[in-house]
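Open the model in your viewer and keep the selection tool at hand. The tour goes from a sheet to a core, then to a single loop residue.

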Amino acid sequence: TITVTVGGNTVTPTWDAATGTLTITNVTGDVVINAVGVAQATEPEMITVYFRNDWLWSEVRVYYWDSASVADSAWPGVVMEKVGTAQYNAEDRDVYSAKVPADAKILFNGPENGNPSNTQQTPDILDAQDGDAYYIHWADGNQVSKFDYTTGGEGGEGGEPAETVEY
């Protein structure tokens, strides 16, 4: 903990790790800060997640929030990059990827038929891991499941999930 005392008033500054900003408020007068050691900003841990676009969204995005090291993405999220295809019901479907903070909650979303007023989304994913690949499906409600995917364009067993994730 760092405290700053000026003219008998002690305040505790705030540190924003995402921007590397130290903010000192409610202080009048000259401020002298003596630093012991060197503070270094560390790069946040990022992971790569994948999404198979079975519902043929015109644009696939990932929204992330609640990371301790990175600010929330602006809604509706970061546009994902097409990286390959995977099979779904004997048809190739585009697979997209994006880097997200390792400690963030995520969801995927996209406009149906290019209509931004009709955006669909997955349920919240609370524990994504590096390399996880997801798809959205309907089974008594909107659900998200994982499938096997490698960046060589292989993967996806005819739409069968590797694991159904209950959220």
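**The sheet**

Begin with four strands that form an open sheet in the order β7-β6-β10-β11, with antiparallel pairing. Its edge strands are β7 (78–79) and β11 (115–121), each pairing on one side only. Strands here are DSSP E runs of at least two residues, numbered from the N terminus, and two strands pair if DSSP finds at least two bridges between them. This is a predicted model, where local features need pLDDT of at least 70 and side-chain atom pairs count only at pLDDT 80 or more, while totals for chains, interfaces and linings use all residues. Residues are numbered from 1 along each chain as its sequence is written, and side-chain values use heavy atoms, leaving out hydrogens and water.

Next, select residues 105–112, strand β10, which is joined to the antiparallel β11 by four bridges. On β11, Q120 is the residue opposite G110.

**The core**

Now show F51, M80, I106 and F108: of the 20 residues in the largest nonpolar core, these touch the most other members. Such a core is a set of buried Ala, Val, Leu, Ile, Met, Phe, Trp, Tyr and Cys residues joined through side-chain atoms within 4.5 Å; buried means under 20% relative accessible area (1.4 Å probe, protein chains only). A second, separate core of seven residues includes A86, V95, A133 and F147.

**The loop residue**

Finally, select V60, in the loop between β5 (46–52) and β6 (61–65). V60 counts as buried because its relative accessibility is 1%. Its contacts (heavy atoms within 4.5 Å), not counting residues up to four places away in sequence, include F51, M80 and N109.

Key
Buried means under 20% relative accessible area, exposed over 50%, partly exposed in between (1.4 Å probe, protein chains only).
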